[in-house]
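User: I have a model open and would like to talk it through. Could you start with the overall dimensions once it is on screen?

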Amino acid sequence: MRELGSSQPTAVELEILRILWELGPSPVRAIHARLAEAKGTNYSTTVKMLSVMLSKGLVKRDEQATPHVYRAALSRDRAARKLLSELIDKVYDGSAMSLVLQALAGGKASPEEIEEARKLLDRMEDKS
């Protein structure tokens with residue numbers, strides 16, 4: 001459950017951020033076209049969501065452009081690090097390893113992903 005006033009994106013806000021990360025800076029119509037295709041959202045909802053995201057600092061708007069152009073305020077990598085950090089703190093008491101073990105124990109990791117995890121652990125051991 002999200003905290004009141006949290007700057008963390010909701011599921012729909014994450015969808016809009018994914019659209020912006022893929023398209024780059026875009027007008028509302030381009031964002032709405034993608035969102036409507038995926039979720040069936042109406043135009044006024046898209047405008048409202050962008051307004052909320054602007055106030056939360058998740059997107060920025062170019063006021064000089066006509067129509068206004070929106071862009072993600074942070075990169076996909078930075079957003080992922082921020083969300084993961086919060087998840088690790090809140091759910092796993094700050095233990096990143098607990099998160100990794102839980103993810104791997106879920107059985108959804110492909111053989112390639114498991115091999116990549118092994119390589120990462122090997123590199124981490126070499127640094128110690």
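Analyst: The protein has a radius of gyration of 18 Å, whereas a compact globule of 128 residues would be near 14 Å; the radius is taken over C-alpha atoms, and the globule rule is 2.2 Å times the number of residues to the power 0.38. This is a predicted model, in which local features need pLDDT of at least 70 and side-chain atom pairs count only at pLDDT 80 or more, while totals for chains, interfaces and linings use all residues. Residues are numbered from 1 along each chain as its sequence is written, and side-chain values use heavy atoms, with hydrogens and water left out.

User: What box do the C-alpha atoms fill?

Analyst: Taken along the principal axes, that box is roughly 55 × 30 × 30 Å.

User: And how many helices and strands are there?

Analyst: The protein contains 6 helices and 3 strands, in the order α-β-α-α-β-β-α-α-α along the sequence. These are DSSP runs numbered from the N terminus, with helices (H or I) of at least four residues and strands (E) of at least two.

User: Which strands pair with β3?

Analyst: Strand β1 (residues 26-27) is joined to β3 by 2 bridges and runs antiparallel to it, and β2 (residues 59-62) is also antiparallel to β3, with 4 bridges; pairing requires that DSSP finds at least two bridges between two strands. S26 has Y70 as its bridge partner in β3, and D62 has V69. A hairpin through 6 residues connects β2 to β3.

User: Which residues of β3 are on the covered face?

Analyst: Y70 and A72 form the covered face of β3 (residues 69-72), and V69 and R71 the uncovered one. In a regular strand the side chains alternate between the two faces of the sheet.

User: Switching to helices, is H32 buried or exposed?

Analyst: H32, which lies in helix α2 (residues 28-39), is buried because its relative accessible area is 16%, where buried means under 20%, exposed over 50% and partly exposed in between, using a 1.4 Å probe and protein chains only.

User: What does H32 touch?

Analyst: Leaving aside residues up to four places away in sequence, H32 touches T41, N42, Y43 and T46, a contact being heavy atoms within 4.5 Å.

User: What share of the 128 residues is buried, and how many of the contacts join residues at least 24 apart?

Analyst: Buried residues account for 25% of the 128. Of the contacts between residues at least 6 apart in sequence, 47% join residues at least 24 apart.
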